[in-house]
Amino acid sequence: MSSAVQERPFHANDAELVPMRRRHVRSVLRIEALVYPRPWSATLFYQEIARRPDRVYLVARYGMEVIGYGGLMTSGLETHVTTIAVDPDYQRNRIGMKLMIGLIDAAISNEGYSVSLEVRRSNLAAQAMYETFGFRPVGIRKGYYVETAEDAIVMLVEAIDSIQYADRLDLCRELVATGEHSDD
C-alpha cells in the first residue's frame with residue numbers, strides 16, 4: 001500500500017476511473033497475479049482493449065497507481081463483465097463498487113439491457129456486492145475455474161435501462177460516496 005494511504009484513511013472518491021490503455025497493463029498484471037490463481041496474459045489484455053467499441057476496460061487509479069480494473073463486452077442488448085479485480089491493499093474500500101458502476105454506466109451507454117457475469121462459488125463477498133447491484137443467480141457452470149475445478153455462479157441483472165434500475169444505481173453511487181467499508 002502506498003504511504004499516502006497509510007498516512008490518512010483512503011476513500012473510494014480518491015480513486016479515478018479512466019479507460020484502460022496499454023501503459024496500464026503492467027500494473028493490471030501485477031494485480032492479476034495477486035488475486036487470481038490463473039492470471040490473464042498481457043497479450044489477452046492488449047487484444048481486449050483494442051476491441052472497441054464492443055469492449056470497455058477501465059482502471060481505477062489512485063494518483064498514478066492502478067489499484068483496480070474491470071472489463072465489459074457487449075453483444076447487442078447483452079453485456080458481460082469479463083473481469084474485475086481490486087488490489088488487495090485497497091479492497092473493502094468500495095473500489096469494486098466504483099468499477100462496477102463504471103461498467104454498468106458503459107453498458108447503459110451502449111444501449112444494453114442486461115449484464116451477466118461469473119463469480120466463484122466461494123467468493124461470497126463479491127456475490128454480496130453483485131446482489132447490491134441487483135444481480136441474481138441464474139445458473140451454475142460446473143468446474144468453470146479450471147485451476148481449482150471450482151464452480152462458477154452465473155449472475156444476471158436485467159432492465160438496466162429502466163427508471164427503477166437508475167434508482168438502484170443511484171443508491172450504489174451513494175454507498176460509494178459514503179466511504180463506508182464493505183466486502184468488495
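Strand 4 contributes seven residues to the lining of the largest pocket, the most of any element. Before we go further, keep in mind that this is a predicted model. The chain averages a pLDDT of 91, and 92% of the residues score at least 70. Residues 1–6 are another matter: the pLDDT there is below 50, and beyond near neighbours in sequence this stretch has 10 contacts in the model. Where pLDDT is low, the predicted coordinates should not be read in detail.

The largest pocket holds about 930 Å³ of space. It is lined by 31 residues, and those closest to its centre are Y36, I84, R120, N123 and Y145.

Leaving aside residues up to four places away in sequence, T83 touches E32, Y36, W40, F45, Y57, Y69, G70 and G71. V66 lies 17 residues from T83 in sequence, and their C-alpha atoms are 15 Å apart in space.

Next, look at helix 6, which runs over residues 163–178. Its 16 residues reach 23 Å from first C-alpha to last, close to the 22 Å expected at 1.5 Å a residue. Which residues of helix 6 are buried? They are Y165, L169, C172 and V176. These four cover an arc of only 55° around the axis, so they sit on the same side of helix 6. On the other side, I163, Q164 and L171 are exposed. The cover over the buried residues includes helix 4 (95–109), helix 5 (124–132) and strand 7 (150–158).

In the loop between helix 3 (42–50) and strand 2 (55–62) you will find P53, and the peptide bond from R52 to P53 is cis, with omega near 10°. R94, in the loop between strand 4 and helix 4, has a positive phi of about 70° although it is not a glycine. E111, in the loop between helix 4 and strand 5, also is not a glycine, yet has a positive phi of about 60°. Are these residues buried or exposed? R94 counts as buried, at 7% relative accessibility, whereas E111 is exposed, with a relative accessible area of 65%.

Conventions. Residues numbered from 1 in each chain as written. Predicted model: local features only at pLDDT ≥ 70, side-chain atom pairs only at ≥ 80, totals over all residues. Heavy atoms only, no water. Helix = DSSP H or I, 4+ residues; strand = E, 2+ residues; numbered from the N terminus. Expected span 1.5 Å × (residues − 1). Buried < 20%, exposed > 50% of the residue type's maximum accessible area, 1.4 Å probe, protein only. Arc of directions from axis to C-beta. Contact = heavy atoms within 4.5 Å. pLDDT = per-residue confidence, 0-100. 1 Å grid on protein atoms, 1.4 Å probe; cavity = no way out; pocket = protein on both sides within 12 Å on 5 of 7 lines; lining within 4 Å. Points joined across faces, edges and corners; volume = space filled by probe spheres on them.
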